[in-house]
Amino acid sequence: TSRFEGVPMAPADPILGVSEAFKADTNDLKLNLGVGAYRTEELHPYVLEVVKKAENLMLERGENKEYLPIEGLAAFNKATAELLFGADNPVIKEQRVATVQGLSGTGSLRLAAALIERYFPGAKVLISAPTWGNHKNIFNDARVPWSEYRYYDPKTVGLDFEGMIADIEAAPEGSFVLLHGCAHNPTGIDPTPEQWEKIADVIQEKNLIPFFDVAYQGFASGSLDADASSVRLFAARGMEVLIAQSYSKNLGLYSERIGAMNVVCSSADAAARQSDPLTLVKSQLKRIARPMYSNPPIHGARIVANVVGDPTLFNEWKAEMEMMAGRIKNVRQKLYDSLSSKDKSGKDWSFVLKQIGMFSFTGLNKAQSDNMTDKWHVYMTKDGRISLAGLSLAKCEYLADAIIDSYH
Ligand code: PMP
């Protein structure tokens, strides 16, 4: 007998479980469009050239493996905040951003969730319906109550903007509103610049706190600045904002677990630093991190700091990001073309082209998604999301056949 007999079986993760099922499939036609990781046209994992160069530099320098401070690598924290806001942004110039290195996007979100749980008791986090599946886990485990705001409209496979605004407007004062900075996961549907302004209006009027999850900066459009424009719009209004960042996708550092939690605080009175909100927030983020994981890993932080800190590498990174974003856009176009030419039902597939980022929300329901997997060996999450980063031009026609068969 075991003392652990009473431990119940945990359900499989809906996203990572897809990869396990894919591995077990022996059919040659199989296609893994579940997890959001970039693949080459040959469907191989990709290590960015700039990452290899930065790693070579690090080896040559023979850097040590001493512990980092709790808040992470200083050069990384500086680089990551500047990348997010732009180095000339007033929030950077006025030193109003508290930045702590986190265990990629997930770990950074988890730090902020713990901060909310401790210092904003009872405050709710509003999340989009639908959202990245792990958001609910993160807030549940941190014991932060959450509710959903309308986001996806199945009729248009587009944004339910009125519903979104109405639900945010109805939120209790002091609630946090979780927003995807760009390339909304899982839908690929982003608000327009005008809609972002309206969202900011409501959040400001209702005294809510914007909380951005930025997992795809530079990876969505190919431009670091364009993909950060939503966050910068809120910061430019002088609002206090929370922003979690991830380098999993844009630098392909998935397993290095590198990201950051940033909190834009109003007022940074240098004379009163001890009671300054920035100092207070940062001290608490560190206090939360210490018993959780003590201090973050150094390797990814050094890669980011080296790439962003060197003008040549920085430009090479931008070119590689454009290349990755470009490949996904090409695949998106080819998938749309294939769907439009093969499907004789008259269905409008233009929503595929309107979406942005690595995902496409196909509008397939659970039963239809099951058909994709069971009959066509296409592995995807059951909400109808497919990762275009795992698709090649060569496989677009096959995928279109599978989608059309599953729809009708
Ligand atoms: N937020 C969103 C919306 C994401 O899509 C992801 C990656 N799938 C993350 C956060 C975090 O990923 P990571 O922990 O690898 O940075």
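The structure is a predicted model, in which local features need pLDDT of at least 70, side-chain atom pairs count only at pLDDT 80 or more, and totals for chains, interfaces and linings use all residues. Residues are numbered from 1 along each chain as its sequence is written. The chain holds 16 helices and 13 strands; helices (H or I, at least four residues) and strands (E, at least two) are DSSP runs, numbered from the N terminus.

**Overall dimensions**

- The chain has a radius of gyration of 22 Å, which agrees with the value near 22 Å for a compact globule of 408 residues. The radius is taken over C-alpha atoms, and the globule rule is 2.2 Å times the number of residues to the power 0.38.
- Along the principal axes, the C-alpha atoms of the chain fill a box of roughly 70 × 60 × 55 Å.

**Helix packing**

- Two packed helices are described by the angle between their axes and the distance between the axes. Axes are lines fitted to C-alpha atoms, for helices over the stretch in contact, and angles run from 0 to 180 degrees between N-to-C directions. Angles under 35 degrees count as roughly parallel, over 145 as roughly antiparallel, 65 to 115 as roughly perpendicular and the rest as oblique. Residues are in contact if their C-beta atoms, placed from the backbone, lie within 7 Å.
- Helix H2 (residues 49-61) packs against helix H13 (residues 311-342) at about 150 degrees, with the axes 8 Å apart; H2 is therefore roughly antiparallel to H13. Glu-49, Val-50, Lys-53 and Ala-54 of H2 meet Leu-313, Glu-316, Trp-317 and Glu-320 of H13. This contact of H2 with H13 has four nonpolar, no polar and four charged residues. In this classification, Ala, Val, Leu, Ile, Met, Phe, Trp, Tyr, Cys and Pro count as nonpolar, Asp, Glu, Lys and Arg as charged, and the others, Gly among them, as polar.
- Helix H12 (residues 299-309) and H13 pack at about 100 degrees, with their axes 5 Å apart, so H12 is roughly perpendicular to H13. Here Asn-306, Val-307 and Val-308 of H12 meet Leu-313, Phe-314 and Trp-317 of H13. The contact of H12 with H13 comprises five nonpolar residues, one polar residue and no charged residues.
- Helix H8 (residues 193-205) and helix H10 (residues 229-236) form an angle of about 40 degrees, and their axes lie 10 Å apart; H8 is therefore oblique to H10. Trp-196, Glu-197 and Ala-200 of H8 make the contact with Ser-230, Leu-233 and Phe-234 of H10. The residues of this contact of H8 with H10 divide into four nonpolar, one polar and one charged.

**Ligand shell**

- Ser-104, Gly-105, Thr-106, Ser-246 and Ser-248 come nearest among the 13 residues around the ligand; a residue is near a molecule if its C-beta atom, placed from the backbone, lies within 6 Å of it.
- Helix H5 (residues 104-119) supplies the largest share of this shell, three residues.
- By class, the shell around the ligand has three nonpolar, nine polar and one charged residues.

**Backbone exceptions**

- Ser-104, found in helix H5, has a positive phi of about 60 degrees although it is not a glycine.
- Ala-129 and Pro-130 are joined by a cis peptide bond with omega of about 0 degrees. Pro-130 is placed in the loop between strand E3 (125-129) and helix H6 (133-141).
- A cis peptide bond also joins Asn-185 and Pro-186, with omega of about 15 degrees. Pro-186 lies in the loop between strand E7 (176-180) and H8.

How values were computed. Contact = placed C-beta atoms within 7 Å.
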